[in-house]
Amino acid sequence: MQEFSLERMIQELEGLLGDKVRTGSDQFFTVLYIDPAALTILMGKLRDEYGFNHLANLTSVDYGEEFEMVYHLYSIPDNNKVLVKTRVPRTLAELDSLISLWPTADWQEREVYDLMGIKFKGHPNLVRVLLPEDFEGHPLRKDYLMGGRK
Amino acid sequence: MLETDIYTVNVGPIHPSTHGGLHVEAIMDGEIIQDVVVHLGYVHRSVEKIAEGKTYQQFVPYTARLDYLATNLPVLGYCQAVEKLLGIEVPERAEYIRVIMAELSRIASHQIAISATGIDLGATTGLMYGMRDRERIMNIFEMTGGQRLLSSYIRIGGVAADIPDEFIPAVKSLVQDIPRMMEEYNGLMTGNEIWAARMEGVGILAPETAIQYGVTGPNLRASGIAYDLRKAEPYGIYDRFDFDLPLGKRGDSLDRWQVRIDEIGQSGRIIEQALKAMPEGEIKAKVPKVLKPAAGKEVYHRIESAKGELGYYIVSDGSSKPYRLHVRAPSFINLMVLPVICRGGVFQDIITNIATLDPILGESDR
Amino acid sequence: MVLDAKNGNKLQDVDELARNNILVTTFEKLWNWGRSWSFWPLNYGCNCCPIEVMAAGAGRFDQARFGYEVVRAVPRQADLLTVAGPITLKMKPAVLRVWAQMPEPKWVIAMGNCAISGGPFKDGYSVLPGVDSIIPVDVYIPGCPVRPEALFHGMLELKKKVQQGDYRRS
């Protein structure tokens with residue numbers, strides 16, 4: 001296998017996915033902004049061809065009109081890292097599940113569904129994990145106000 | 001032939017061996033486990049939502065209550081994440097004190113893991129030995145932070161106050177006693193025939209499965225993978241210390257048990273080196289009263305907690321409160337592998353596997 | 001005053017009897033004495049406070065010197081429920097069920113700020129504002145977490161209550 005090179009990876013991914021992917025970087029990570037429809041293809045490539053075998057963190061942020069899904073990927077033992085982000089509209093909050101690529105996505109996606117309300121297509125057991133089954137609402141959304149449980 | 005049926009046995013959430021409020025449903029065919037379903041959420045305290053209503057400094061005590069057995073580790077992770085966000089540099093003396101407190105917390109956490117495994121498997125004396133030795137660490141925490149269990153001694157920018165005079169002799173005498181402690185734990189429990197019969201070959205976790213399921217920490221190292229964030233992605237001043245990573249060979253419960261005992265010894269080495277090299281100086285950086293990171297800035301900072309990779313994902317919107325704070329809890333993710341390692345075993349192996357995976361439900365449910 | 005058959009049914013003083021090693025009491029006082037000197041706590045807890053309960057049971061603080069070391073795992077054999085830690089929405093039916101399974105007379109200690117009022121998590125959406133919103137409580141012990149010495153103080157206060165007969169009967 002070739003030596004891992006971030007530039008080569010970005011070049012190859014941009015060549016493969018065209019305008020569905022956009023790269024950026026912040027102080028700590030190289031960021032790949034991907035279209036939700038191409039998420040599984042990108043993640044499959046990252047795991048199989050570039051060695052990102054450790055999905056460290058999977059979470060979501062509520063930005064009002066859209067939800068942003070955030071994935072922090074690392075490789076063991078080479079210690080490369082990359083950050084993948086994608087956005088879904090609030091009115092149709094659905095995304096492909098990554099459970100077939102990394103089984104660790106199982107409960108993390110259930111937690112995002114439980115607390116933020118995003119549905120994951122292809123997840124075999126998408127039920128609430130932290131709150132009781134009969135709880136109503138998705139508390140981490142910005143329109144769920146705190147304070148004053150009855 | 002006799003007709004048999006599948007039945008379900010519930011373990012927990014109110015159970016002496018479930019480390020908090022863990023509810024495990026065991027689906028059994030006779031004595032053999034067909035499947036295990038884990039139910040979480042009994043200790044869900046909505047910490048991530050509360051974080052959006054508190055300032056960065058106000059949230060520090062909440063992080064201590066996440067992993068309450070190794071309290072300085074989650075507090076350290078959070079403070080370092082906020083310092084990364086704001087670009088604050090911590091003074092040298094504070095860094096060394098932080099390393100000592102973090103490694104003491106790691107020892108305390110492993111001592112409880114050892115004690116709890118002891119009592120879960122029926123060896124009550126194991127509980128007493130571990131708790132007795134841990135009391136010395138509780139004294140040290142009380143001497144510095146004022147609190148035995150949940151000291152928020154580590155703060156954003158450094159530590160809360162300078163160490164008192166009794167600190168260094170107390171830590172030195174503790175470090176000198178660590179080989180004796182390890183010998184006692186090994187002598188009492190590890191070498192015991194019944195212990196080996198209950199732990200050897202039980203709950204084998206293959207290394208590829210461990211990585212796929214995101215397992216980190218001593219559980220991953222017991223399966224033979226030498227991955228420790230203190231060496232792979234050093235944070236603070238961990239790159240200055242010399243220590244080994246105890247590894248397991250088979251990935252079974254006995255390996256997970258042995259790795260934790262050996263890690264106590266390695267933590268002792270780090271503390272010794274830190275005590276020698278600690279300089280004089282400031283113990284807290286100049287931090288503004290109101291912390292306002294730049295809008296749109298985000299950070300994912302991860303540390304090697306006693307349970308595995310503990311990560312903080314903080315998004316700032318320019319105000320004094322975080323816009324989003326997510327805790328990547330190692331216990332939550334490590335527990336995902338419990339059904340995998342329990343299938344095919346017998347019922348009592350569930351207790352052994354939970355004990356050696358060492359989950360903390362406060363962190364797992366947040 | 002007690003009738004004494006041996007001495008021709010003359011009334012005898014309780015103190016004089018005591019000097020002859022005869023104690024006079026009611027069944028109520030006898031049961032209260034026995035109950036108060038050895039509560040059987042239920043092994044319950046989730047969160048930070050039960051770690052201090054464990055420390056209280058271990059060698060340094062040692063609850064056995066007060067008589068409270070018989071910790072039962074089964075609610076039907078326990079009479080003291082020490083609610084340590086917050087009660088979350090999911091835990092509420094479990095606590096109610098366990099409390100209902102305990103036989104009378106039973107006592108409840110609310111240990112820690114989370115059990116008293118929700119504690120630091122009372123702003124959250126999933127923590128109940130105190131365990132006394134679902135079951136009656138006898139003693140409240142504040143603290144976050146409660147030190148083992150404070151736990152003993154609370155148990156000794158409960159002991160005083162029980163010895164005086166000042167507790168709920170069903």
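Biologist: How many helices and strands does chain C have?

Modeller: In this predicted model, the elements of chain C run β-β-α-α-α-β-α-β-α-β-α from the N terminus on. The count for chain C is therefore six helices and five strands.

Biologist: What radius of gyration does chain C have, against that of a compact globule of 170 residues?

Modeller: The C-alpha trace of chain C spans about 75 × 35 × 25 Å along its principal axes. Of the 170 residues in the chain, 43% count as buried. A compact globule of 170 residues would come near 15 Å, but the radius of gyration of chain C is 20 Å.

Biologist: Which element gives the largest share of the side of chain C that touches chain B?

Modeller: This interface brings 28 residues of chain C into contact with 28 residues of chain B. Two elements of chain C give two or more residues to that side, helix H3 (49-57) and helix H4 (92-101). The largest share is four residues, and it comes from H3(C).

Biologist: How many nonpolar residues does the side of chain C that touches chain B have?

Modeller: By class, that side includes six polar and five charged residues. The nonpolar residues on the side of chain C that touches chain B number 17.

Biologist: How many residues of chain A are in contact with chain C?

Modeller: Chain C contributes five residues to this contact. Those residues divide into two nonpolar, one polar and two charged. On the side of chain A, the number of residues in contact is seven.

Biologist: Which strands are the edge strands of the open sheet in chain B?

Modeller: Three strands form this sheet in the order S1-S2-S3, with antiparallel pairing, and the twist averages 25° from one strand to the next. S1(B) pairs with strand S2 (residues 23-29) over five bridges, and B:Glu25 in S2(B) is the bridge partner of B:Asn10. The edge strands, each pairing on one side only, are strand S1 (7-11) and strand S3 (32-39) of chain B.

Definitions and conventions. Residues are numbered from 1 along each chain as its sequence is written. Chains are lettered from A and ligands numbered from 1 in the order in which they are written. This is a predicted model: local features need pLDDT of at least 70, side-chain atom pairs count only at pLDDT 80 or more; totals for chains, interfaces and linings use all residues. Two residues are in contact if their C-beta atoms, placed from the backbone, lie within 7 Å. Ala, Val, Leu, Ile, Met, Phe, Trp, Tyr, Cys and Pro count as nonpolar, Asp, Glu, Lys and Arg as charged, and the others, Gly among them, as polar. Two strands pair if DSSP finds at least two bridges between them. Axes are lines fitted to C-alpha atoms, for helices over the stretch in contact, and angles run from 0 to 180 degrees between N-to-C directions. The radius of gyration is taken over C-alpha atoms; the globule rule is 2.2 Å times the number of residues to the power 0.38. A residue is buried if 20 or more other C-beta atoms lie within 10 Å of its own, exposed if 12 or fewer, and partly exposed in between; C-beta atoms are placed from the backbone.
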